[in-house]
Amino acid sequence: MRKTRSFLVGGVPMGGGAPVSVQSMTNTDSRNASATLQQISALAAAGCDIVRLSIYDEACLAALPAIVAGSPVPLVADIHYRADLAVGAMECGIAKVRINPGNIGSEQGVHRVADCAKMHHVPIRIGVNSGSIERDILARDGGVTARGMVDSALTHAKLLESVGFHDIALSLKASSVPLTVAAYELAAKETDYPLHVGVTEAGLPGAGNIKSAVGIGALLLQGIGDTIRVSLTGSPIPEVQAAIDILRAVGLRSGFVNVISCPTCGRTGIDVAAIAARVERELADIRVPLTVAVMGCVVNAPARHARRISALQAAGSAPPPQQAARAVPTLWALFLKRASRPKRSRVTWQACSFPAQEHWQIAKEHMHEQNRASSHARRNRPPPQGQASH
């Protein structure tokens with residue numbers, strides 16, 4: 001993991017080796033406190049750590065105190081062109097501000113924002129997109145380049161640093177995955193600012209998820225990235241699960257059930273897709289580190305045991321229909337046995353004839369008990385040394 005400066009966004013640590021946080025952004029009218037709070041709550045329930053919202057006029061500012069007071073997560077104010085809105089948002093209790101110092105007004109305006117941010121312990125993200133590069137940099141480079149994006153961000157960062165403000169994060173987003181990755185790699189090499197990572201304007205769910213996973217995942221695997229946002233057209237709620245899935249895929253988010261399943265072949269004697277879908281659906285709310293393998297034949301099943309990947313292979317994987325009928329009950333026999341053993345215990349194959357639904361219920365109750373114990377432990381864990389909430 002790359003070493004960076006660190007600060008708190010509300011109560012969420014950013015940088016300095018803290019866990020990578022998940023962000024999203026509301027698309028409600030920020031002047032409507034009720035609708036905006038409803039979407040913020042939905043994002044938080046989906047697992048979002050930090051939520052950003054646009055503050056673009058006085059009516060947004062007037063609604064902000066109620067939104068801040070009712071929000072279950074720290075909020076970021078997205079500000080353009082007006083230093084007074086940035087100052088007003090911080091005075092309303094916003095936890096972080098996203099600005100571009102180059103378009104926030106005069107040097108006096110930048111000073112005013114920085115002074116207020118220092119007073120209220122509010123970090124600032126400098127957000128540079130491929131479409132916002134200064135004309136002189138574009139002329140110098142002959143178009144948008146990774147070098148130009150980083151130089152633009154650093155120019156703005158120096159404006160804040162020059163007035164004694166240092167709690168700065170950078171973002172360098174493009175809709176091109178290669179350009180995005182190159183810009184962040186350069187910034188990671190040359191600076192110690194925490195990096196807000198994402199591929200901007202990634203598009204609709206589907207192709208947008210793939211672009212985001214490739215770009216964000218490539219950076220996270222290099223230890224680059226302190227907070228992430230998946231940018232998808234439409235409702236922001238799916239962005240959160242997409243971001244969490246990326247973190248889980250690169251090994252940076254644990255405490256979930258990881259369902260793996262084979263692609264099936266001619267040996268398959270059961271409906272692996274249906275069983276895997278049900279396992280994934282039923283365990284979606286479980287927060288216990290467990291890998292569940294749903295395998296359709298004997299070729300893969302023994303290998304999973306040999307590698308000590310925890311349990312749940314589909315029963316028998318053999319063509320006889322009676323074995324297929326016993327698949328789900330056997331899954332739960334293995335699951336329950338695994339859940340009651342130490343973390344790295346080996347699960348041996350066994351068959352059973354208990355009713356499937358009974359096993360779903362028993363196993364889920366068992367895992368929910370572990371959820372509650374884990375949540376209690378996290379709530380009572382002392383904060384890291386040297387970090388205090390502002």
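The protein chain comprises 14 helices and 12 strands, and the model described here is a predicted one. Of the 390 residues of the protein chain, 48% count as buried. Among the contacts in the chain with a separation of 6 or more, 67% are made by residues 24 or more positions apart.

Strand E3, which spans residues 21-25, is largely enclosed by the rest of the structure, because 5 of its 5 residues are buried. The burial extends to both faces of E3, with Ser21, Gln23 and Met25 on one side and Val22 and Ser24 on the other. E3 is joined to E10 by 3 bridges, and these two strands run parallel; within this pairing, glutamine 23 stands opposite arginine 229 of E10. A further 3 bridges, again in a parallel arrangement, join E3 to strand E4 (residues 50-54), where arginine 52 is the bridge partner of methionine 25. Together with helix H1 (residues 33-46), strands E3 and E4 make a β-α-β unit that is right-handed.

Within helix H1 lies threonine 36, which counts as buried because its relative accessibility is 0%. The side chain of threonine 36 reaches the backbone oxygen of aspartate 29 at 3.1 Å. When residues up to four places away in sequence are set aside, threonine 36 touches Thr26, Thr28, Asp29, Ser30, Leu53 and Ile67.

The loop between strand E2 (12-15) and E3 contains valine 20, a residue that counts as buried because its relative accessibility is 6%. Although valine 20 and glycine 225 are 205 residues apart in sequence, their C-alpha atoms are 7.1 Å apart in space. Beyond the residues up to four places away in sequence, valine 20 touches Met1, Leu220, Gly225, Asp226, Thr227, Ile228, Leu247, Leu252 and Arg253.

Helix H8, formed by the 14 residues 207-220, reaches 20 Å from its first C-alpha to its last, which is close to the 20 Å expected at 1.5 Å a residue. Its buried residues are Gly208, Ser212, Gly215, Ile216, Gly217, Leu219 and Leu220. An α-helix has 3.6 residues a turn, so residues three or four places apart point the same way.

In soluble globular proteins, nonpolar side chains tend to be buried together. The largest nonpolar core in the model has 78 residues, and those with the most contacts inside it are Ile79, Ile94, Val113, Leu172 and Leu195. A second, separate core consists of 15 residues, including Val257, Ile286, Val292 and Ala293. With residues up to four places away in sequence not counted, leucine 195 touches Arg2, Leu170, Leu172, Tyr184, Ala187, Ala188, Ile224, Gly225, Asp226 and Thr227.

A further parallel pairing is formed by strand E11 (residues 257-261) and strand E12 (residues 290-294), which are joined by 5 bridges. In this pairing, the bridge partner of asparagine 258 is threonine 291 of E12. E11, helix H10 (residues 272-282) and E12 make a β-α-β unit that is left-handed, whereas the unit made by E3, H1 and E4 is right-handed.

Most residues other than glycine have a negative phi, and most peptide bonds are trans.

Notes:
Residues numbered from 1 in each chain as written. Predicted model: local features only at pLDDT ≥ 70, side-chain atom pairs only at ≥ 80, totals over all residues. Heavy atoms only, no water. Helix = DSSP H or I, 4+ residues; strand = E, 2+ residues; numbered from the N terminus. Expected span 1.5 Å × (residues − 1). Buried < 20%, exposed > 50% of the residue type's maximum accessible area, 1.4 Å probe, protein only. Pairing = 2+ DSSP bridges. Right-handed = clockwise from strand over helix to strand, strands pointing away. Core = buried A, V, L, I, M, F, W, Y, C linked by side-chain atoms within 4.5 Å. Contact = heavy atoms within 4.5 Å. Polar contact = N/O pair within 3.5 Å; in protein donor to acceptor, adjacent residues only side chain to side chain.
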